[in-house]
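Here is a brief report on selected local features. Sequence and structure come first, then the notes.

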Amino acid sequence: SSLRNLIRRRIHKERAQPKHRERMGLLEKKKDYKLRAIDFHRKQDTLHKLRQKAAFRNPDEFYFNMHNSHTKDGVHLKKRGKQRFKKEIMDANTQDLNYLTMKRQQEQKRIENLQSSLHMIGDEADILQQPLNGENGQPSHTIFVDRKEDLETFDASTHFDTDKDHLKSRHNRVRRKKAKRKKEATHHTSHGLENGTSSTANGVDGHNHAHQNGHQNGDAGSEASEPKTEKEKQQKIKAERVKRKQSR
């Protein structure tokens, strides 16, 4: 096969349209004729079937689709569905509008419920979103009092029972009692953790100190009991033998 590919092959060219027939376009090949013949015979078959149906049709035949279809100038036409009047279209649009307003109210209520459950979140964002009604472009919160004396001695932090840092928040201001409880709880937990860590550290240090002392005493005793010369070693061996004999 490799040698066959090396040999130069003859290039077969398709015959073109003769010059005296160039006005008829490209020369039709067999594949083009085949497609044209298949299409022609398919159309002839459909016409033959339609002629058979027309010849053997039943003059008493009836079906309900005849009411909604008709022929005009040889073209088969079908009637459209029920056409709605302008009033019906307007009613449908108002229903859609009512549905959208209802959904908007539901979502608005849901947002309000979620905002009411927030705690200490997004104070700066709330301030930016508030309408600028007060002085110097700041949001305002009007509180009414009975007397002028109360107006002079009015304090917002005592009125809302919260710290000055939480006055800017629009909802769920932390009360002073609650803030105090939180501080006490955090103080107790931190104090307990510090005591626990110090006691464990002391225990570890004491254990290490005792361990070091024991090692030192043991080393001293071993140094004292170990004989230094050969005579002492022999005396020690003799003493051990005597003890063994006595024990027997």
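## The loop at E14

E14 sits in the loop that runs between α1 (2–6) and α2 (30–55). The model is predicted. Is E14 buried or exposed? Its relative accessibility is 60%. The cut-off for exposed is over 50%, so E14 counts as exposed.

K29 is a spatial reference point for E14. The two are 15 residues apart in sequence. Their C-alpha atoms are 9.0 Å apart in space.

## Aromatic residues and the nonpolar patch

F62, Y63, F64 and M66 make a nonpolar surface patch. Its area is about 460 Å². One of its members, Y63, belongs to the loop between α2 and β1.

Accessibility can be read residue by residue. F62 has a relative accessible area of 48%, so it is partly exposed. Y63 has 42% and is also partly exposed. F64 has 67% and is exposed.

In general, the distance of the centres and the angle of the planes describe a pair of aromatic rings.

Strand β1 covers residues 69–72, and strand β2 covers residues 75–78. They pair in the antiparallel sense. The pairing extends over four bridges.

Which residues face each other across the strands? T71 stands opposite H76 in β2. K72 stands opposite V75, also in β2. Two residues lie between the strands, and β1 and β2 form a hairpin. D73 is in the turn. Its phi is positive, at about 55 degrees.

## Helix α8

Helix α8 spans residues 230–247 and has 18 residues. From its first C-alpha to its last, α8 reaches 26 Å. That is close to the 26 Å expected at 1.5 Å a residue.

Where does α8 lie, in the open or in the interior? Of its 18 residues, the number buried is zero, so α8 lies largely in the open. Buried here means under 20% relative accessible area.

Key
Residues are numbered from 1 along each chain as its sequence is written. This is a predicted model: local features need pLDDT of at least 70, side-chain atom pairs count only at pLDDT 80 or more; totals for chains, interfaces and linings use all residues. Side-chain values use heavy atoms; hydrogens and water are left out. Two strands pair if DSSP finds at least two bridges between them. Buried means under 20% relative accessible area, exposed over 50%, partly exposed in between (1.4 Å probe, protein chains only). The expected span of a helix is 1.5 Å times one less than its number of residues. Patches are made of residues with over 30% relative accessible area and no salt bridge: like charges are joined within 9 Å, nonpolar side chains (Val, Leu, Ile, Met, Phe, Trp, Tyr) within 5 Å. Accessible areas come from the Shrake-Rupley method with a 1.4 Å probe; for residues, only the protein chains shown count as cover. A salt bridge is a side-chain nitrogen of Lys or Arg within 4 Å of a carboxyl oxygen of Asp or Glu.
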